[in-house]
Amino acid sequence: PAGLRVQKAADLPEANQHLVVSAVAAQAREESTQVFHHRQIKFLAMVAHELRGPLMPLRTATELLPRAMSDEPLMGRLQVLIRRQIGYMTRLVEDLLDGARASTGKFRLERTRIDMNAILRQAVETCGPAMQARHQQFNIRLLPFVFEVDGDAMLLTQVMVNLLDNASKYTPNQGWITLEATVEDGRLSISVADNGIGVTPDALPRIFDLFEQEPHARAFHSGGLGIGLSIVRELTEAHGGTIVARSSGQGLGSEFIVTLPGACQ
């Protein structure tokens, strides 16, 4: 019948539109899968490269052990080498475990009311020796009063240690790093700024992605898996907070701002 043919003709544009939408969605999924697969390959290559570093000296040390049985100075040097490389591999495994927790959101928080000034002092104490070794100028401005957060003291310390360590690693010797805490509308803002190598505009939106590292960052400081900032974001958000990154570009420094809600009164 004519009426049925008219109805089918009217339905064709809608059907075509659904086909186009489905095709575009399928293409997007395929591209996303390819990107994820590429990142997996890149990550495995990175892990293999990082593991090869300590394995080669360990193999050499193993080959020298028979000779070291009768050579006390050599035995001492081998012990130092083995301890150093095992320590590096231990940190690598811990990074991988932290990365797995970050990707699945399986951090367990043991919440208490904690003074954030104490957390910041502890993080500075942890990172201070590395900054001193690089002769970096460190400026700190803490709150002149107690500000409490309902959170996990150990994990919040890890957030700040990661940020300060990141700033120190990617700031040249004799550069500067600033840590500043402020409060506005009942929320704490912690800024970690530096005059280091900065972040390119292309990389800035992906700076908190797991295993994401810029080529110029790896060239400046080789080692690590690009996990630290991803963990910072996961832990900050787990505490109800936010983190943003700012940089004017390569070579122009960077700033990371963590915002956390105060403990309920």
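**Close-up 1. Gln174 in the loop between α4 and β4.** In this predicted model, Gln174 belongs to the loop that runs between α4 and β4, the latter covering residues 176-184. Gln174 counts as exposed, at 66% relative accessibility, and its phi is near 70°, a positive value in a residue other than glycine. Most residues other than glycine have a negative phi.

Close-up 2. With a relative accessible area of 55%, His135 is exposed.

**Close-up 3. Helix α4, its span and its start.** Helix α4 is formed by residues 153-169, 17 residues in number, and reaches 24 Å from its first C-alpha to its last, close to the 24 Å expected at 1.5 Å a residue. At the start of the helix, a side-chain oxygen of Asp152 comes to within 3.0 Å of the backbone nitrogen of Met154. Because 13 of its 17 residues are buried, α4 is largely enclosed by the rest of the structure. In the chain as a whole, which has 265 residues, 36% count as buried.

**Close-up 4. The packing of α3 against α4.** Helix α3 (residues 116-133) packs with α4 at an angle of about 40°, the two axes lying 9 Å apart, and the crossing of this pair is right-handed. On the α3 side the contact includes Met116, Ile119, Leu120, Ala123 and Cys127, and among the residues they and their neighbours in α3 meet in α4 are Ala153, Leu156, Met160, Val161 and Leu164. By class, the contact of α3 with α4 has 13 nonpolar, four polar and one charged residues. An α-helix has 3.6 residues a turn, so residues three or four places apart point the same way.

Close-up 5. Gly128 has its place in helix α3 and is buried, with a relative accessible area of 11%. From C-alpha to C-alpha, Gly128 and Leu164 are 9.0 Å apart in space, while 36 residues separate them in sequence. Ser168 lies in helix α4 and is buried as well, its relative accessible area being 1%, a value that falls under the 20% limit and so qualifies as buried. Leaving aside neighbours within four places in sequence, Ser168 is in contact with Ala130, Met131, Arg134, Gln136 and Ile177.

**Close-up 6. The packing of α4 against α6.** Helix α6 (residues 228-238) and α4 pack at an angle of about 145°, with their axes 9 Å apart, and α4 passes α6 in a left-handed crossing. The contact is made by Leu155, Gln158, Val159, Asn162, Leu163 and Asn166 of α4, together with Gly228, Leu229, Ile231, Val232, Leu235 and Thr236 of α6. The residues of this contact divide into seven nonpolar, five polar and no charged.

**Close-up 7. The setting of these views in the chain.** The chain contains six helices and seven strands, and from the N terminus on its elements run α-α-β-α-β-β-α-β-β-α-α-β-β. Among contacts between residues at least 6 apart in sequence, 71% join residues at least 24 apart.

Note on methods. Residues are numbered from 1 along each chain as its sequence is written. This is a predicted model: local features need pLDDT of at least 70, side-chain atom pairs count only at pLDDT 80 or more; totals for chains, interfaces and linings use all residues. Side-chain values use heavy atoms; hydrogens and water are left out. Helices (H or I, at least four residues) and strands (E, at least two) are DSSP runs, numbered from the N terminus. The expected span of a helix is 1.5 Å times one less than its number of residues. Buried means under 20% relative accessible area, exposed over 50%, partly exposed in between (1.4 Å probe, protein chains only). A polar contact is a pair of N or O atoms within 3.5 Å; within protein, one must be able to donate a hydrogen and the other to accept it, and residues adjacent in sequence count only if both atoms are side-chain atoms. Contact means heavy atoms within 4.5 Å. Axes are lines fitted to C-alpha atoms, for helices over the stretch in contact, and angles run from 0 to 180 degrees between N-to-C directions. A crossing is left-handed if the near helix is turned anticlockwise from the far one by less than a right angle, and right-handed if clockwise. Ala, Val, Leu, Ile, Met, Phe, Trp, Tyr, Cys and Pro count as nonpolar, Asp, Glu, Lys and Arg as charged, and the others, Gly among them, as polar.
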